[in-house]
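Visitor: Could you walk me through this model while I look at it? I'll jump around a bit.
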Amino acid sequence: MKKFILVLLAVFLFTGGSFGIVLEKNKVNAAPIIGPNQTADQIADAIIKTGVSLIGKATYSRAEYKATYPYKFSCATFIDFIFKQNGVDLATYNEDYMLKLGVPVNKDQLKKGDLFFFDVDKTDSNPADHIGIYMGNNKLLHMADPTQNIVISDMTAKPYYTENFVGARRVIPSYMPSSPLSTADKIVNTAYTLQGHVTISNNVNNPAAKTFTNGGIVNYIYGQNGITLGSNNISELVKKGTFVSRSNLKKGDLVFFTNKLGSKTPNIVAIYGGNNKVILTNPTQGIVSRVLFFPWYDTHYLTARRVIK
């Protein structure tokens, strides 16, 4: 139902130019990466299979996201988890933000793997308060409520599913890499491979020890993929490449944020991962991903640079 409460209570942490949002206590592990030969249908099947395998093993919770057994999910964290387990990082636990991902789909054109949204509480300003994944044949897989937990529902069985439907989104194709992999895809994949395996420091860059500053990890990731940025300093990185507007961001662009509203000084650098997603560092969790829809990123966005030719 209502989006994961810790999203609403997100805490911003600033340490030596590093930034992040504490959304869960679980350790951030490296997310799986979509294979080069996987099709959208195969990915959808795998996501649904993961979700079905959790029936009877997870309980509904809006106060905790527990990604190990016994699992605890809200409707949105359940979706985030099963997608991420199969290489599709939506980078948000918020169904309102998920409603902006991918492309809209008409109800009569649904495919398995599409996201399905409902809004029960029409009195608030939130566009959605429940989410599930379409399985095909009018079936919906979702974390329903504290009584039912994860269930498969027939969308024609109850008025709820027709009266409260607010939209569907097709997201899987937009997360698939090019074939062969582009330089931008390789950069994003390197970032995900390093998730859970690096330490973020205020001032130390030691690749051998996998210890980096915010600017240092970005410099390292690009260097691993044949692009020499030549600096770990954010104030230097913001001068690299060419300016790109926010509306024209492409995967692999550098995105800069400032800690202080109105300031022109960049304090944080992130890698644009496509689909309004940025990959950056958190001083306690290492490499994390977030969506630009989140208010802080929206208001503290500074500029972007394109360094991939």
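Visitor: Is F294 buried or exposed?
Guide: F294 counts as buried, at 12% relative accessibility; here buried means under 20% relative accessible area, exposed means over 50% and partly exposed is in between, with a 1.4 Å probe and protein chains only. Please keep in mind that this is a predicted model, in which local features need pLDDT of at least 70 and side-chain atom pairs count only at pLDDT 80 or more, while totals for chains, interfaces and linings use all residues. Residues are numbered from 1 along each chain as its sequence is written, and side-chain values use heavy atoms, with hydrogens and water left out.

Visitor: How many aromatic pairs are in the whole structure?
Guide: A search of the whole structure turns up 21 aromatic pairs, and rings of Phe, Tyr and Trp (its six-membered ring) pair if their centres lie within 6.5 Å, with planes under 30 degrees apart called stacked, over 60 edge-to-face and the rest tilted. F294 belongs to one of these pairs: with Y97 it is edge-to-face, at 6.4 Å centre to centre and 75° between the planes.

Visitor: And where do Y97 and F294 sit in the chain?
Guide: Y97 is in helix α4 (residues 95-98) and F294 is in the loop between β17 and α10 (295-300), 197 residues apart, and the pair therefore links distant parts of the chain. For the element names, helices (H or I, at least four residues) and strands (E, at least two) are DSSP runs, numbered from the N terminus. Y97 is also buried, with a relative accessible area of 12%.

Visitor: Why is the F116 and Y134 pair called stacked?
Guide: The ring centres of F116 and Y134 are 6.4 Å apart and their planes are at 20°, so the pair counts as stacked. F116 lies in strand β6 (residues 115-118) and Y134 in strand β7 (residues 130-136), so the pair ties together parts that are 18 residues apart in sequence. F116 is buried at a relative accessible area of 0%, and Y134 is buried at 8%.

Visitor: OK, change of topic: what order do the strands have in the sheet with β6 and β7?
Guide: Six strands form that open sheet in the order β5-β10-β6-β7-β8-β9, with antiparallel pairing, where two strands pair if DSSP finds at least two bridges between them. The edge strands, each pairing on one side only, are β5 (103-104) and β9 (150-154).

Visitor: How many bridges join β8 and β9?
Guide: Strand β8 (residues 139-143) pairs with β9 in the antiparallel sense over five bridges, and the bridge partner of M143 in β9 is I150. Helix α2 (residues 40-53) packs on this sheet, touching β7, β8 and β9, and its direction makes about 115° with that of β7. Helix α3 (residues 75-84) packs on the sheet too, touching β6, β7, β8 and β9, at about 45° to the direction of β7. Contact means heavy atoms within 4.5 Å, and axes are lines fitted to C-alpha atoms, for helices over the stretch in contact, with angles from 0 to 180 degrees between N-to-C directions.

Visitor: What about the sheet with β17, which strands are at its edges?
Guide: That open sheet has six strands in the order β13-β18-β14-β15-β16-β17, with antiparallel pairing, and its edge strands are β13 (242-243) and β17 (286-291). Helix α7 (residues 183-194) packs on the sheet, touching β15, β16 (277-282) and β17, and its direction makes about 35° with that of β16. Helix α8 also packs there, touching β14, β15, β16 and β17, at about 40° to the direction of β15.

Visitor: How many residues of α8 are buried?
Guide: Nine of the ten residues of α8 (residues 214-223) are buried, so the helix is largely enclosed by the rest of the structure; among them are I217, V218 and Y220.

Visitor: Last one, what does the side chain of S289 make a polar contact with?
Guide: The S289 side chain makes a polar contact with the side chain of D89, at 2.5 Å; such a contact is a pair of N or O atoms within 3.5 Å, where within protein one must be able to donate a hydrogen and the other to accept it, and residues adjacent in sequence count only if both atoms are side-chain atoms. S289 lies in strand β17 and counts as buried at 5% relative accessibility.
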